[in-house]
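Thanks, everyone, for making the time.

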Amino acid sequence: MTISKVSNNPILRSDELGCVFTNLDGALFLSPLFTDDSYDDDEDCWIEVDFLSILGEEQYIQDEVNRIDRLLVTSKRPL
């Protein structure tokens with residue numbers, strides 16, 4: 001897990017979906033990966049995940065987004 005240079009939040013990469021995810025103010029955001037496997041870490045380049053629209057996607061996409069969301073939420077809890 002890497003940390004965002006801009007927001008200081010954890011970032012998780014999903015090779016399956018071709019993007020990285022972070023949790024900003026309690027909401028899940030994503031940023032697509034470029035062809036060189038980099039991504040734009042500026043806060044204005046992150047896209048908020050719409051969980052209702054994901055319900056219309058294939059099951060593996062729903063499962064991966066939910067997995068990432070759970071991991072990021074648990075990573076923000078104090079030990």
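If you look at strands E2 and E3, you will see that they form a hairpin with 4 residues between them, and that Gly-18 in the turn has a positive phi of about 70°. Please keep in mind that this is a predicted model. E2, which covers residues 10–14, pairs with E3 in the antiparallel sense over 4 bridges, and within that pairing Leu-12 stands opposite Phe-21 of E3.

On to the next hairpin, that of E3 and E4, where 2 residues lie between the strands and Asp-25 takes a positive phi near 55°. E3 and E4, the latter being residues 27–32, run antiparallel and are joined by 6 bridges; here Thr-22 has Phe-29 as its bridge partner, while Asn-23 stands opposite Leu-28.

What is the strand order in the sheet as a whole? The sheet is open, with 5 strands in the order E1-E2-E3-E4-E5 and antiparallel pairing, and its edge strands are E1 and E5, each of which pairs on one side only.

E3 itself is mostly covered, with 6 of its 6 residues buried: Cys-19, Phe-21 and Asn-23 point one way, whereas Val-20, Thr-22 and Leu-24 point the other.

That brings me to the largest nonpolar core, which has 10 residues, including Leu-12, Cys-19, Phe-21, Leu-28 and Leu-72. E3 and helix H2, residues 59–76, each supply at least two residues of this core, and H2 gives the most, with 4 residues. A second, separate core of 7 residues includes Leu-24, Phe-29, Leu-33 and Trp-46.

Conventions. Residues are numbered from 1 along each chain as its sequence is written. This is a predicted model: local features need pLDDT of at least 70, side-chain atom pairs count only at pLDDT 80 or more; totals for chains, interfaces and linings use all residues. Side-chain values use heavy atoms; hydrogens and water are left out. A nonpolar core is a set of buried Ala, Val, Leu, Ile, Met, Phe, Trp, Tyr and Cys residues joined through side-chain atoms within 4.5 Å. Buried means under 20% relative accessible area, exposed over 50%, partly exposed in between (1.4 Å probe, protein chains only). Two strands pair if DSSP finds at least two bridges between them.
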